[in-house]
Amino acid sequence: MARTALIVIPSLIMGGTEMQTLTQVKALAGAEYRIVTACLFQHSRDVVDLYRGCGSEVILLSPGNTPAPGRAALVRFLFRNLRQLLVTRKPAVTHVQVPSPTDWKEPATLSVFLLRLLGAKHLLATAHLAMPALGKGHRVPRLMASYATTAYVCCSRTVEESLFGSSACFTPEAFLSGRKHFSIPNCADMPANTAPRAFADAKAQTRGMQIGFVGRLVPRKGADVLIKALAMIQKDKADATLTVVGDGWEKQNLLELAAGLRVADRVTFAGTRSRGEVEALYRRFDLLAVPSRSEGLPLTALEAMAAGIP
């Protein structure tokens, strides 16, 4: 009988954490694991279908896309559902994706400690976001690595340095010697026909400088910085345009910002797109901007590198 790998993830919407976790799903499927992905809260049908298409069972713990409840209700919600998953799926390994690694009240962080309390075997956590450095590191991830997890993984050495004050890429020897936190860098899963020459041919058919942004429209991603920069260069680069791919609660603020800076006619909000549509949009960009205020190792930057886009 195939071993079961349980993945706990806060959301399944189009984003870097979800796409990197999807790469993990594909690897586990190739290793003949039975994969169960448990989504705590927000999800989109397109991303859920991507996971199912790669061989994962997907369990939506909040089918109505309800937000995280208050603290006491959240703990009860997590305890009840995580216990049910352990009893019914009996995972050989459990992996929690942690987007906010220093916030002990964050659902994924709470899930790690609750899973340890519930006796989860071979418990792993992955942090996807660098935080302001604090010398020897932050208390929550250090406690998690020392007492809750079998291993604590960071998506880049920058993330690990910010959380723990030191970093090292994963090796079996380091793990067996007792090290509890490691870096395993993100990777970009690009189609075979994504080549710099093909992108150059497509861009030659467009006019003006095409600037691209791909990400969630939240303050941390810095789309507002990019719109302000576009306004600053409009005298020297009057043909420059910006395509914003993604959605989020800050969209209305960004629309108003573009209008106020008189660049609304040069900014296209393309909304949330499928993976294939995003890959097609890359072919139109002369450069991809990643103006994030904080990141781990953004997949969009890796995808741009693979495509030969500055």
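Guide: A nonpolar core is a set of buried Ala, Val, Leu, Ile, Met, Phe, Trp, Tyr and Cys residues joined through side-chain atoms within 4.5 Å. Buried means under 20% relative accessible area, exposed means over 50%, and partly exposed lies in between (1.4 Å probe, protein chains only). This is a predicted model, where local features need pLDDT of at least 70, side-chain atom pairs count only at pLDDT 80 or more, and totals for chains, interfaces and linings use all residues. Residues are numbered from 1 along each chain as its sequence is written, and side-chain values use heavy atoms, with hydrogens and water left out.

Now the core itself. The largest one has 36 residues. Leu78, Val96, Val112, Leu115 and Tyr152 have the most contacts inside it. Helix H3 gives the largest share, 6 residues. Helices (H or I, at least four residues) and strands (E, at least two) are DSSP runs, numbered from the N terminus.

Take Val112. Contact means heavy atoms within 4.5 Å. Beyond its neighbours within four places in sequence, Val112 touches Val96, Val98, Leu123, Ala125, Met144, Ala148 and Thr149. In soluble globular proteins, nonpolar side chains tend to be buried together.

Next, the sheet. It is open, has 7 strands and is ordered E3-E2-E1-E4-E5-E6-E7, with parallel pairing. Two strands pair if DSSP finds at least two bridges between them. Strands E3 (56-60) and E7 (181-183) are the edges, each pairing on one side only. The twist averages 20° from one strand to the next. Axes are lines fitted to C-alpha atoms, for helices over the stretch in contact, and angles run from 0 to 180 degrees between N-to-C directions.

H3 (residues 71-89) lies across E1, E2, E3 and E4 (93-98). It runs at about 165° to E1. Cys154 has Ser183 of E7 as its bridge partner.

Last, the rings. Rings of Phe, Tyr and Trp (its six-membered ring) pair if their centres lie within 6.5 Å; planes under 30 degrees apart count as stacked, over 60 as edge-to-face, the rest as tilted. The structure holds 6 aromatic pairs. Phe170 and Phe175 have centres 6.4 Å apart and planes at 45°, so they are tilted. Phe175 and Phe182 are tilted too, with centres 6.2 Å apart and planes at 55°. These pairs link Phe170, Phe175 and Phe182 into a cluster. Phe182 is buried, at 1% relative accessible area. Phe170 is partly exposed at 39%, and Phe175 is partly exposed at 31%.
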